[in-house]
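Here are my notes, as promised. Have the model open while you go through them.

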Amino acid sequence: MRSRAWQALGQHAASPPRLREVFAQEPGRGARLAAEAAGLYLDFSKQRVSDETLSLLFDLAEEAELADQIRAMFAGEKVNRSEDRAALHVALRAPEEASLIVEGEDVVPAVHEVRRSMAAFCEAVRGGEWRGHGGERIRHVVNLGIGGSDLGPRMAVRALQPYTSDAPALHFVSNIDGADLAGTLRGLRPGETLFVVCSKSFTTLETLTNARSARAWLLEALGDEAAVARHFVAVSSNRAAVRAFGIDDANVFGFWDWVGGRYSLASAVGLSLMLAIGPERFGELLSGLHAMDEHFREAPFSHNLPVLMALLGVWNRNFLGAEALAVLPYDQSLELFPSYLQQLDMESSGKSVSREGEALPHATGPIVFGRAGTDGQHAFYQLLHQGTGLVACDFLGFAHSHHELGRHHELLMANCFAQSEALAFGKRPEEVAAESGEARLVAHRSFAGDRPSNTLLAKQLTPYSLGALVALYEHKVFAQGVLWGLNPFDQWGVELGKELAASLASELAGGVGAEPFHDSSTRTLVARYQALRASDPSPR
Ligand code: F6P
């Protein structure tokens, strides 16, 4: 049974506003349908919404008890029900004088204690006091992690590259494919390389496999077990497993089970980012995150950026039929932002059951993809403009570039604004016909328009604005999950593949897996693989 607000939206969606019409009717629409917080300006006027649509969406938020859920998350309640945990990543960026309680305990002092030890370590490495086993300065840092223990810091190190002078070079290895680690280590000198083994659980196959091979690489060159203490540190909430791996307790930066992997950038998972930009800039990132947290907690829904984006996301997905969301940063430094957002959004919202475990009667998370502008324009925008399906878009842009070079920046931003304009208003067949006499091309050259987008605009990509952007999407994803009635903090859907891979790995090694029979396709593939494997590899 659908809720009343859901039904009302369904009826309303039978004739959604046409963008040409609503813009013609209200000259001030572009300025009115906008909101601003923590230095981020959101223009949502190019969404197919009217005031009535928005009011129905606010009814939906009320029906879903969104305000209460936001309060519960900030209060440290166990909003991650299936794992019986709080989701209190906002505590990671709370100022020292704040207090946030989990199970009767104020967690803020512990957060700041870990931050101080991270800062001391990063200063020592960056300043050259922390040296390798042979006394060499650390010039390369390799983060070994995957998913939330890789995508956030990797994206942020790339985004904040202009702030990384005086830092060792940062590298990220995530894939279990040996090509990833081998390709990264080629050219690095063991004596000046530091590994950050980053894994919340410290059981993740990819990360531990890479960490073991990295340790072997180091020891082969340095020949002394004692070297591990100067070249390996860990970020984890599982100290026992870190100890078992052989990393000294003194070299572990901890965090807590109430920090979800994909929500963990501000925890010790940000260690490699702090090594890259230094503790002070890291503090600015936290201020941006915190400013957006406070906005999310306090602003009325009509001006609340994460809430507005969540409501518009549901409108596009469930009522206008958008199956995908394209994230389109017009800033090369944010080239990894779409990949980061893929995990944040798709691992959070790709669910078919409610918080209570019942089948959901509506669609949930969209496919999230994207690429830095303008490269995407020459790859997949054709489908955005003229494809048969609907793809909602988020454009991201900045007024200042860190690389002012001739007219590059204004040409970049002209493209950003042009694309959302083209998507929204299209080009009618009569306009095409009036421009060119070639009747046979009119259909090919027409654009239906009415393709919805948000545009986020900020002054410059800085640690602060990146923090605000990350928190904006974290909270949008959470709010959207509440509207859909799902738990955005668990990820049971990754487990089955992991179990089967463990079983197959043992079979490929000649042992007996837990699932020795499999299906005929998997059996045939394994047999074919083993036969190919027994033959000589192709000559290079
Ligand atoms: O892909 C599943 C997952 O559990 C993610 O949620 C998580 O970010 C990633 O694996 C890595 O986990 P860990 O930090 O425990 O190694």
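1. Is Arg 71 buried, exposed or partly exposed? Arg 71 counts as partly exposed because its relative accessibility is 42% (buried means under 20% relative accessible area, exposed over 50%, partly exposed in between, with a 1.4 Å probe and protein chains only). Glu 77 is also called partly exposed, at 37%.

2. Before going on, the ground rules. This is a predicted model, where local features need pLDDT of at least 70, side-chain atom pairs count only at pLDDT 80 or more, and totals for chains, interfaces and linings use all residues. Residues are numbered from 1 along each chain as its sequence is written, and side-chain values use heavy atoms, with hydrogens and water left out.

3. Back to that pair: Arg 71 and Glu 77 form a salt bridge through their side chains, 3.2 Å from N to O (the term needs a side-chain nitrogen of Lys or Arg within 4 Å of a carboxyl oxygen of Asp or Glu). Arg 297 and Glu 294 make another, at 3.3 Å. The structure has 29 salt bridges. Side chains of opposite charge can pair when their charged atoms come close.
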